[in-house]
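This report describes one protein model, beginning with the surroundings of a single residue and then widening to the whole chain.

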Amino acid sequence: MGMFGHATGSCQRLQKFHGTTPVRAGMIQIANGQLENVVNQVENVTLKGRNLVAGRSQAHLTTSIELTSWSAAQCLDHLAQTTNAFLPPISAAIARAPRLTTNRALRTGALTRLFLRNLEPPYLVRFKVLAPLVPRQHDFNSAWAAFEQSQAQLAKTIQSAIGFAVDQVRVESPVYARFSYNVYGALRMLAAHERRHLWQIERILKTLDGAQLRNPS
């Protein structure tokens, strides 16, 4: 079950992408803050990911700790593929969203809140990744470039939602059609999904570091 498989910093920055008609910040201050928070989460993932892989060898970044597990490069490729799959329907939904007319909070929905709890690390529920999102790229440089590009596009898409009631338009999962979510919930889930796999990368690299200390070459 889920978004990706089934179970086994300022208002001014946001308004830059808003479009031709400005929205008075006071009218949507709460929603502005919520979207700004999601943008910050995405940017923090990119920064933390860069710090995690900095100075690492290609061998470490492309090594899996188990035969059935992923390498750091494969985790990054999976994140890029997931973001790239979800952004077109999310962008289309944002384009048809009505404008916000009151200063209210954006809502995620009950089902999305459940998904968010299961996505966040350290996680207990594991998901079987569906075929369209299984990593294809094993080369770290290519995987990182795809990840970084998808992160920039995701941040821009979130920024484009400023001023709109994106909790009133829904998007179907492009990989699991039984599920749909409102756009605000989908954006939050993408950010949580990134934190999930960043935690996975951190664990992979710590395990490899420990093995190297025990068996120095």
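## Surroundings of Thr83

Thr83 is in contact with Ser150, Leu154, Leu190 and Glu194, leaving aside its neighbours within four places in sequence; contact means heavy atoms within 4.5 Å. Thr83 lies in helix α4. At 2% relative accessibility, Thr83 counts as buried. Buried means under 20% relative accessible area, exposed over 50%, and partly exposed in between, with a 1.4 Å probe and protein chains only.

## Basis of the model

This is a predicted model, in which local features need pLDDT of at least 70 and side-chain atom pairs count only at pLDDT 80 or more, while totals for chains, interfaces and linings use all residues. Residues are numbered from 1 along each chain as its sequence is written, and side-chain values use heavy atoms, with hydrogens and water left out.

## Overall architecture

The protein has seven helices and four strands. These are DSSP runs numbered from the N terminus: helices are H or I of at least four residues, strands E of at least two. From the N terminus on, the order of elements is β-α-α-α-α-α-β-α-β-β-α.

Of the 217 residues of the protein, 48% count as buried. The accessible surface comes to about 10,800 Å², and 53% of this surface belongs to carbon and sulfur atoms. Accessible areas come from the Shrake-Rupley method with a 1.4 Å probe; for residues, only the protein chains shown count as cover.

## Helix α2

Helix α2 has 25 residues and reaches 36 Å from its first C-alpha to its last, close to the 36 Å expected at 1.5 Å a residue. The expected span is 1.5 Å times one less than the number of residues in the helix. Gly55 follows α2, and its phi is positive, near 75°.

## Nonpolar cores

In soluble globular proteins, nonpolar side chains tend to be buried together. A nonpolar core is here a set of buried Ala, Val, Leu, Ile, Met, Phe, Trp, Tyr and Cys residues joined through side-chain atoms within 4.5 Å. The largest such core has 40 residues, of which Ile90, Ile158, Val166, Tyr181 and Val183 touch the most other members. At least two residues of this core come from each of α2 (29-53), α4 (72-95), α5 (110-119), α6 (140-160) and α7 (183-214). The most is given by α7, with eight residues.

Not counting residues up to four places away in sequence, Ile158 touches Leu35, Val38, Val39, Val42 and Leu187. Another core, of 19 residues, lies apart from the largest one; among its members are Leu61, Leu79, Leu198 and Leu205.

## Salt bridges

Side chains of opposite charge can pair when their charged atoms come close. The structure holds six salt bridges, each defined as a side-chain nitrogen of Lys or Arg within 4 Å of a carboxyl oxygen of Asp or Glu. One of them joins Lys48 and Glu202, with the closest N and O atoms 3.6 Å apart. This pair links distant parts of the chain, since Lys48 is in helix α2 and Glu202 in helix α7, 154 residues apart. Lys48 counts as partly exposed, at 39% relative accessibility.

Arg104 and Asp167 meet in a salt bridge of 2.8 Å, N to O. Arg104 lies in the loop between α4 and α5 and Asp167 in the loop between α6 and β3 (170-172), so this pair ties together parts that are 63 residues apart in sequence. Both Arg104 and Asp167 are buried. A network of salt bridges links Arg104, Arg107 and Asp167.

## The loop between α5 and β2

Glu120 forms a salt bridge with Arg195, the closest N and O atoms being 2.4 Å apart. Because Glu120 lies in the loop between α5 and β2 (127-129) and Arg195 in helix α7, the pair ties together parts that are 75 residues apart in sequence. Glu120 counts as partly exposed at 27% relative accessibility, and Arg195 counts as partly exposed at 24%.

Pro122 also has its place in the loop between α5 and β2. A cis peptide bond joins Pro121 and Pro122, with omega about -10°.

## Aromatic pairs

The structure holds four aromatic pairs. Rings of Phe, Tyr and Trp (its six-membered ring) pair if their centres lie within 6.5 Å; planes under 30 degrees apart count as stacked, over 60 as edge-to-face and the rest as tilted. Phe115 and Phe179 form an edge-to-face pair, 5.4 Å centre to centre with 65° between the planes. Phe115 lies in helix α5 and Phe179 in the loop between β3 and β4 (180-182), so the pair ties together parts that are 64 residues apart in sequence.

Phe115 counts as buried at 3% relative accessibility, and Phe179 is buried with a relative accessible area of 14%. Phe115, Phe179 and Tyr181 form one aromatic cluster.
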